[in-house]
Amino acid sequence: MRWVVLSDLQVPDHDKRAVDLVTRFIKATKPDGLLCVGDECDQPEPSRWNKGMAGEYAGTLQKNLDLTHDILADFRRALGADKPFHLMRSNHTDRIDTYIRRYAPALHGLRDIEYTKLVRLEELGITWHRKPFSFEPGFLLAHGDEGSLSRIAASTAMGLVRKWNYSVVCGHTHRLGLQHDHRALNGRITRHLWGMEVGCLMDMRKADYLGPGMSANWSLGIGVIDGGVPEPLPIVDYKIRYGGRVFE
């Protein structure tokens, strides 16, 4: 199968121009399925970083959940109704559940305030995964927070490869990269192992938590996995180069 891998969107801090480009890319290239590494919704309102501060009382959470639903719906329309679309849990989409457990535990377990219900994933035919998911033999979709974080692109993914002995595709780092390892016996490669991180679709100008003068080695991008071979695709000047074509 040929999969397109969506990176961290961080709605409402997504890069609208990049998201629109990726939507057109999906429609034009007609993949067999979509994978999303998570952090599609930022959810700053219940974040521990906002506890007791103005952001906790912003009243924007439902609006941002609805916007996340609408963007995922655009991806679903571009993909087509009958193809698989998988979405991974993530530290940002855990925030509502974590907030309820800490500050309103009596509400924990109510179906209608679960993240999957609030963003209406079932309506979109999106399959939600709470644990790393094997989307094809030898490959796992993860978020990237399941192991140690590295500042070197694809090293977080490769750490998970060595932990699980599977090829891993993940996000979380907002870095774009690919690393390879393999197993061999008697001069013959018996297994290829890939660690791929797919960048992000976040408007990095909105990352005000970095502080003045600070920067991060993040990249706009997505990924493609075709026949078991992963390929990170950078978005440069709001263009994607893939298969000898330029999408813009």
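# A chat about loops, cysteines and a pocket

Q: Where is the place of Ala154?
A: Ala154 sits in the loop between β6 and α5. Those labels come from DSSP runs, numbered from the N terminus: helices are H or I with at least four residues, strands are E with at least two.

Q: What sort of model is this?
A: This is a predicted model, in which local features need pLDDT of at least 70 and side-chain atom pairs count only at pLDDT 80 or more, while totals for chains, interfaces and linings use all residues. Residues are numbered from 1 along each chain as its sequence is written, and side-chain values use heavy atoms, with hydrogens and water left out.

Q: Back to Ala154, then. What is its phi, about?
A: Ala154 has a positive phi of about 75 degrees, although it is not a glycine. Most residues other than glycine have a negative phi.

Q: Does Ala154 count as buried or exposed?
A: Ala154 counts as buried because its relative accessibility is 0%. Buried means under 20% relative accessible area, exposed means over 50%, and partly exposed is in between (1.4 Å probe, protein chains only).

Q: Which other residue has a positive phi of about 75 degrees although it is not a glycine?
A: His172 does. You'll find His172 in the loop between β7 (167–170) and β8 (176–185). At 22% relative accessibility, His172 counts as partly exposed.

Q: And what about Ser150, where does that lie?
A: Ser150 lies in the loop between β6 (139–141) and α5 (155–164). Ser150 counts as buried, with 19% relative accessibility. A polar atom of the Ser150 side chain is 3.0 Å from the backbone nitrogen of Ile152. A polar contact is a pair of N or O atoms within 3.5 Å; within protein, one must be able to donate a hydrogen and the other to accept it, and residues adjacent in sequence count only if both atoms are side-chain atoms.

Q: Leaving aside neighbours within four places in sequence, what is Ser150 in contact with?
A: Setting those neighbours aside, Ser150 is in contact with Ser155, Thr156 and Arg175. Contact here means heavy atoms within 4.5 Å.

Q: New topic: which peptide bond is cis?
A: The one from Val11 to Pro12 is cis, with omega near 15 degrees. Most peptide bonds are trans. Pro12 belongs to the loop between β1 (2–6) and α1 (16–29).

Q: Leaving aside neighbours within four places in sequence, which residue is in contact with both Val11 and Pro12?
A: That would be Asn64, which is also in contact with Cys41 and Glu45. Asn64 is part of helix α2 (residues 61–79), and at 8% relative accessibility it counts as buried.

Q: How many disulfides does a search of the whole structure find?
A: The search finds 0 disulfides. A disulfide would be a pair of cysteine sulfur atoms within 2.5 Å.

Q: What volume does the second largest pocket have?
A: The second largest pocket has a volume of about 300 Å³. On a 1 Å grid over the protein atoms alone, a pocket is an open set of points where a 1.4 Å probe fits, with protein on both sides within 12 Å along at least five of seven lines, and lining residues have an atom within 4 Å of a point. Grid points are joined across faces, edges and corners, and the volume is the space filled by probe spheres set on the points.

Q: How many residues line the second largest pocket?
A: There are 18 lining residues, with Asp97, His108, Glu114, Tyr115 and Arg130 nearest its centre. The elements giving two or more residues to that lining are α3 (95–103) and α4 (115–118). The largest share, 5 residues, comes from α3.

Q: What is the lining of the second largest pocket by class?
A: By class, it has 7 nonpolar, 5 polar and 6 charged residues. Ala, Val, Leu, Ile, Met, Phe, Trp, Tyr, Cys and Pro count as nonpolar, Asp, Glu, Lys and Arg as charged, and the others, Gly among them, as polar.
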